Amino acid sequence: MAENRTLVFDMDGTIADLYGVDGWLNDLRNENARPYEIAEPFYDMVYMAEILNMLKVVGYRIVVTTWLAKGSTKAYDNMVRKAKIEWLKKYNFPYDEIHLVKYGTTKANCTRHIGGYQVLIDDNEKVRKGWKLGKTINANYNILTELEKMLDNVA
């Protein structure tokens with residue numbers, strides 16, 4: 001593959017069902033990391049890891065760029081960072097680089113240094129509309145289908 005290609009994944013609402021955790025918003029307001037720890041994955045993560053590892057073999061880099069809780073303290077940011085990293089480990093999500101950043105951070109600023117063609121996978125329409133480094137995948141639909149298409153295009 002001639003061009004540097006990167007997949008940039010959001011977590012909450014994209015691969016982790018944070019908003020499906022009962023009481024998630026109250027927990028975040030009370031600086032409880034429980035929703036980040038117990039959120040169920042949206043997908044069969046074994047199958048997703050297989051697809052992502054195949055994409056890595058053909059030259060894709062996998063990056064996770066995810067926001068921390070809105071209006072959080074440094075102590076809570078650290079709890080959330082730990083919970084998100086543990087979640088990714090638990091589900092064997094194969095990433096090369098991770099950015100756990102303040103809520104509202106421009107995600108493109110986290111990966112611009114990589115260069116090349118970047119695909120953002122995110123459930124937030126405003127974030128997708130602001131992405132200028134390549135294409136976007138709307139995570140409100142089945143992202144596995146889109147990842148499979150990408151794999152078929154290089155196979």
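Predicted model: local features only at pLDDT ≥ 70, side-chain atom pairs only at ≥ 80, totals over all residues.
Residue numbers run from 1 along each chain as its sequence is written, and side-chain values use heavy atoms, without hydrogens and water. Local features need pLDDT of at least 70, side-chain atom pairs count only at pLDDT 80 or more, and totals for chains, interfaces and linings use all residues.

**Exercise 1.** Work out where Asp 44 sits and which backbone atom its side chain reaches.

*Solution.* Start with the loop: Asp 44 falls between helix H2 (34-38) and helix H3 (45-57). Helices here are DSSP runs of H or I with at least four residues, numbered from the N terminus. Next, take the accessibility: Asp 44 is partly exposed because its relative accessibility is 48%, where buried is under 20%, exposed is over 50% and partly exposed is in between (1.4 Å probe, protein chains only). Finally, its side chain reaches the backbone nitrogen of Tyr 47 at 3.1 Å.

**Exercise 2.** Classify the ring pairs Tyr 19 with Trp 24 and Trp 87 with Tyr 91.

*Solution.* Five aromatic pairs occur in the structure. Rings of Phe, Tyr and Trp (its six-membered ring) pair if their centres lie within 6.5 Å; planes under 30 degrees apart are stacked, over 60 edge-to-face, and the rest tilted. For Tyr 19 and Trp 24, the centres are 4.8 Å apart and the planes at 75°, so this pair is edge-to-face. For Trp 87 and Tyr 91, 4.7 Å and 50° give a tilted pair.

**Exercise 3.** Find which residue lies over the face of Trp 67.

*Solution.* Lys 107 does, at 5.0 Å from the ring centre. The test asks for NZ of Lys or CZ of Arg within 6 Å of the ring centre and within 35 degrees of the ring normal.

Technical notes: Helix = DSSP H or I, 4+ residues; strand = E, 2+ residues; numbered from the N terminus. Polar contact = N/O pair within 3.5 Å; in protein donor to acceptor, adjacent residues only side chain to side chain.
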